Amino acid sequence: MDDNKMVAGKVKKPGKRGRKPAKIDLKAKLERSRQSARECRARKKLRYQYLEELVSSKERAICALREELEMYKQWCSAMDQGKIPSEIKALLTGDEQKLPQSGSSTKTSKNSKNSISSSTGQG
């Protein structure tokens, strides 16, 4: 037992560590490699589809926000000229049924509550 070492009560043989290389069938190994490559390509395709959908949804959101910003700019320029747009009058009086239905109606109603409370001194 002189060529073997005792480590923590176990006999350790000298030589290579790890698993012994098994004689693997070359055809099976190539088939596993092909299958792995197919799965990798499928995952990559799904990832790219997801990212494309994400980009398109963000682009739609940006367009909606730009339209809303343009609407607010028009309202501001009208108020600078001393005219009060009918949409703002409807917001201030609480007649939300007179408002034209748009994609930003929920944001507009939240903003109207804030603007009414700030104009009356409540807040």
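Predicted model: local features only at pLDDT ≥ 70, side-chain atom pairs only at ≥ 80, totals over all residues.
This passage walks through the fold, the surface and a few side chains of the chain shown above.

Residues are numbered from 1 along each chain as its sequence is written, and side-chain values use heavy atoms, with hydrogens and water left out.

Three helices and two strands make up the secondary structure of the chain. Both kinds of element are DSSP runs numbered from the N terminus, a helix being H or I over at least four residues and a strand being E over at least two. Reading from the N terminus, the order is β-β-α-α-α.

What share of the 123 residues counts as buried? The figure is 11%, where buried stands for under 20% relative accessible area, exposed for over 50%, and partly exposed for anything in between (1.4 Å probe, protein chains only). The chain exposes about 11400 Å², and 55% of that comes from carbon and sulfur atoms; these areas come from the Shrake-Rupley method with a 1.4 Å probe, and for residues only the protein chains shown count as cover. As for contacts (heavy atoms within 4.5 Å), take those between residues at least 6 apart in sequence: 23% of them join residues at least 24 apart.

Now to the aromatic side chains. Rings of Phe, Tyr and Trp (its six-membered ring) pair if their centres lie within 6.5 Å, with planes under 30 degrees apart called stacked, over 60 edge-to-face and the rest tilted. That rule gives one aromatic pair. The ring centres of Tyr72 and Trp75 sit 5.5 Å apart with their planes at 75°, so this pair is edge-to-face. Both residues belong to helix H1 (residues 26-80), and because they are three residues apart there, about one helical turn separates them. Tyr72 is partly exposed at 23% relative accessibility, whereas Trp75 is buried, with a relative accessible area of 10%.

Helix H1 also holds Ala78, which is buried at 16% relative accessibility. Leaving aside residues up to four places away in sequence, Ala78 touches Lys83 and Pro85.

How many disulfides does the structure hold? The count is zero, a disulfide being a pair of cysteine sulfur atoms within 2.5 Å. Cys40 is partly exposed at 41% relative accessibility, and Cys63 is partly exposed at 44%.
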